[in-house]
Amino acid sequence: MTRTTALNTGRDDFLRWVADERGLDLPARPVDAVLALLSLNGADRRSGVPEPTPPLVRRLLHEDLPVLLQVTPDELAALPDVLIALADRARSTHRLNAKRHARLLETVGHAVPDFERAMRDPRNLTWPRWYAALLTADGVDRDDSGAVREWLAALDRTPRGERPPLPGGVHRAHLADRTFAARTLLTEALLGAAARDARGVPTAGPLLTDPPRTAEEWEELADELLGRWTAEGLGAALAGPRSDLAPGPESLPHLALADRLLDEHLDYYGRSDAPLLPPSGLPAPGELRALLHAAPLPAALARGAEAPGLAGSAAAPDGAALRELAERCGFPGPAGGVWSEGTPEELAELAADILTATVERIAAEAAPADAYAPDASHLLYALYERGGMPDSVAREVADVAGWELDPKVVESPVPVPGAPVPGPYVLPAADRLGQLLGRVAPDESERSSLERPARSLAAVLDRLAATGCLFRSGDAYGLTPLGNAAVRHALLAGQVAAPLRDTVLGWDPDELIAAADSWSGPAAVAALADWVAGHGGGDDTWRILLAALSRIHTTHGEGPKSVFTLLKAAGMPSAPVREVLTDPVLGGYARRLLVSRGEEAPEAVVPYSARAVLLDEELMAHWLADLRARRAAEPAGPDDRSAPGALVTAFDTAAAGWPGGPQALLAALAAAGPHSFTIYTKDLAANHPDARVRRWATRVARQPGT
């Protein structure tokens, strides 16, 4: 069925009125989009054209047009005139009184700056908007559907490496998501308009004079409108014969992994923009093709047959499974072009697609008792979050089982054997196992409890290793350079902050310290030392970081312990540390570090506010010790919170020498660490033997920081 995209919006009458009454020659494309979207969103059309209201204007400018309309600078500049002319026309037909007219014009004026920023924001790009911008840049007439088709055909023939790259920070996945959302938005608006028409024909007539009858026709109409507002015929071409140029979410399997990694990141950090440590093993862009081609499973998918590296492997999928994986990843088809001539970003994307398809297949085939196969994406995230450092199978299994492990040992990298360790997984010997876990070597009973889950985890890792993204050598496992690139690509597709090393080096001190507050382990120490070396490496550089750490705590109330410990491990010299003895935040930490180095550091110069910051950390540690002790004693009897523990003892010791006594100390602690204070003060309020302290703790806890 051939269908016109013209909706009954009164566009031609409005353009004539604007020309006759206002002497304006408004551009047709933005006028058409504004009138159509206002009408689709339910604007009153009794006067023959849709009448804007403040809520409709805000939705139009902030939500709809930034993803549906592509304009030239002149068209963008004319768009406020379109809305003003609509308001003026409604006023001239007595549809608006003077007060409502003025309010509408004020809404337009306030909304336009944010609208202009949204139109320039690359995060609002869709495939039609992106290609329409390229058409304009190449001087192609966007109103000529034939010229648009010829340009798309030429682009399709252009080698991938010679095509215009997407703006920095934007990936194909982002455009796929935004385009899918825009098409869905438009289709739903069209269906809503048809429903309103069906309930009663407006005075101006139905908006859709010949509504579609099938789901396919509704989608075709949405694509035609997308082309009308970007480049003629573009929406239909990208949804049809040129769909390879505009892949949708269904063509990008790694979006499923991106969602899972985002969930993991939110569980770890609470927000997507908390930056991860850059891994040390990211490959150079020019190395990706060789790495991908050398991986057994990707090579098998590209060949359409079993690759030599998979022959006889327990990780090898059978013929039917191999064909399903190939189809999921785009072989044969668009993935073949990426395999042979893809850009580095496309190759990383293909590796992420293959990794995702493998994760999905492992989960689908998981046995009910298998703890690791259903969520192999967690293993990928945990390895990347460690800065790409290798981990231990036995250590991971013991951690999941709830064993008490030394955090410093858990954060340390696991040595990888120089030569691969072939064959089935074997748990390390007892002494080596104790070293890996940071505890006394487990006895035979404990060791045997790890055997089965360790073999289960190793089997999952071996299947992932076939993708070329992971390795397992004996008990050690980790991400390969290809794996770091693939996981980072999926993280970025999920809008997770995964900066490169050069990006971190370019951060200012406050950015670095704020990020490092969530980092830990040797990789974090290396990143901080790297930044210091890149910014001069002298005492002045350390002074800058210490000043930033003090500011961050003062502004956000975050404890400085973790970052100060990382700075110490990164080689922070004593001279800048000595200078912050009088700092109201860091003085206590500075004195403790200097004393540990055998240097003089008088306590008298340390402000009481800084002593409270340090004491807050120590009391939190005592609270945790009490909690562990109570949990250990629970099997032997009821939880007895009435007996004074380490927390109460440490508090009383500090209060005895604090000016103003316990009440003043509680107020100082509340100001020093409002987050941690609310945790341990509940125990003080419940368990301290002195009723006055219990009362003071309860009162201060209700108003932390006062």
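**Backbone, sheet and charges**

Modeller: Let me start at a loop: Pro332 sits between helix 14 (319-329) and helix 15 (334-341). Helices (H or I, at least four residues) and strands (E, at least two) are DSSP runs, numbered from the N terminus. This is a predicted model, where local features need pLDDT of at least 70, side-chain atom pairs count only at pLDDT 80 or more, and totals for chains, interfaces and linings use all residues. Residues are numbered from 1 along each chain as its sequence is written, and side-chain values use heavy atoms, with hydrogens and water left out.

Biologist: Is the peptide bond from Phe331 to Pro332 cis or trans?

Modeller: Most peptide bonds are trans. Here omega is near -15°. The bond from Phe331 to Pro332 is cis.

Biologist: In which helix is confidence highest?

Modeller: pLDDT is the predictor's confidence in each residue, from 0 to 100. The chain averages 90, and 94% of the residues score at least 70. Confidence is lowest in helix 19 (residues 407-411), at a mean of 85. At 97, the highest is helix 22 (residues 481-493).

Biologist: What is the strand order in the open sheet?

Modeller: Two strands pair if DSSP finds at least two bridges between them. Strand 2 (residues 470-473) and strand 3 (residues 476-479) run antiparallel, joined by 4 bridges. Strand 1 and strand 3 pair in the antiparallel sense over 2 bridges. The order is 1-3-2.

Biologist: Which residue in strand 3 is the bridge partner of Ser473?

Modeller: Strand 2 and strand 3 form a hairpin with 2 residues between them. In its turn, Gly474 has a positive phi of about 65°. Ser392 has Ala476 as its bridge partner in strand 3. The partner of Ser473 is Ala476.

Biologist: Which residue has a positive phi although it is not a glycine?

Modeller: Most residues other than glycine have a negative phi. The exception to look at is in the loop between helix 4 (73-92) and helix 5. Its phi is about 65°, and the residue is His94.

Biologist: How far apart in sequence are the parts that Glu346 and Arg160 tie together?

Modeller: Glu346 forms a salt bridge (a side-chain nitrogen of Lys or Arg within 4 Å of a carboxyl oxygen of Asp or Glu) with Arg160, the closest N and O atoms being 3.0 Å apart. Glu346 lies in helix 16 (residues 344-364) and Arg160 in the loop between helix 7 (145-157) and helix 8 (172-199), so the parts they tie together are apart in sequence by 186 residues.
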